[in-house]
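Hi everyone, thanks for making the time.

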Amino acid sequence: MISVRIERNKEGVLLGCKAEGHAGYAARGSDIVCSAVSVLLRTVLQIAELTDGVSVKSDAGKRGFLDFTIQINEPGSEPEKRLVYAGDFLETGLKSVAEEYPGYVELLKKTV
């Protein structure tokens, strides 16, 4: 099972995410659940890295693991708004995959 924990603040700004595990839905290289989760996570990570006014620290040191944290260096409406949308995208996408493939993806949410 893939376990994903999304961390957002009370305003919905995405602050970080940690994903680990393997779906086990199909053989390595053919697992559509792993592919879907990977695309969502990588897209959001790239959006965060391309957002002006924020710093991103990430670790993808092994297969089946991704951990990233986002720090807002220049508070303002644009970076924060972008990270709200990124968080909405990630949460909605992961929820959809978890509902379609129950038992393969676990979505956990933390508000700080």
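**Starting from leucine 41**

Setting aside neighbours within four places in sequence, leucine 41 touches Val4, Cys17, Ala19, Leu66, Phe68 and Leu90, where contact means heavy atoms within 4.5 Å. Before going on, a word on what you are looking at: this is a predicted model, in which local features need pLDDT of at least 70 and side-chain atom pairs count only at pLDDT 80 or more, while totals for chains, interfaces and linings use all residues. Residues are numbered from 1 along each chain as its sequence is written, and side-chain values use heavy atoms, with hydrogens and water left out.

Where does leucine 41 sit? Its place is in helix H1; helices (H or I, at least four residues) and strands (E, at least two) are DSSP runs, numbered from the N terminus. Leucine 41 is buried, with a relative accessible area of 6%. For that label, buried means under 20% relative accessible area, exposed over 50%, and partly exposed in between, with a 1.4 Å probe and protein chains only.

Now look at one of its partners, leucine 90. With neighbours within four places again set aside, leucine 90 contacts Ile6, Cys17, Leu40, Leu41 and Val44.

The largest nonpolar core has 28 residues, and Val4, Val37, Leu41, Phe68 and Leu90 have the most contacts inside it. Such a core is a set of buried Ala, Val, Leu, Ile, Met, Phe, Trp, Tyr and Cys residues joined through side-chain atoms within 4.5 Å. Two or more residues each come from strand E1 (2-8), strand E2 (14-20), helix H1 (32-49), strand E4 (65-72) and helix H2 (77-100). H1 gives the largest share, eight residues. In soluble globular proteins, nonpolar side chains tend to be buried together.

Is it buried or exposed? Aspartate 52 is exposed, at 66% relative accessible area, and is found in the loop between H1 and strand E3 (54-59).

Let's zoom out to the whole chain. Two helices and five strands make up its elements, in the order β-β-α-β-β-α-β from the N terminus. The radius of gyration is 14 Å, close to the 13 Å that the globule rule gives for 112 residues, so the chain is as compact as a globular protein of that length. That radius is taken over C-alpha atoms, and the rule is 2.2 Å times the number of residues to the power 0.38. Finally, 37% of the 112 residues count as buried.
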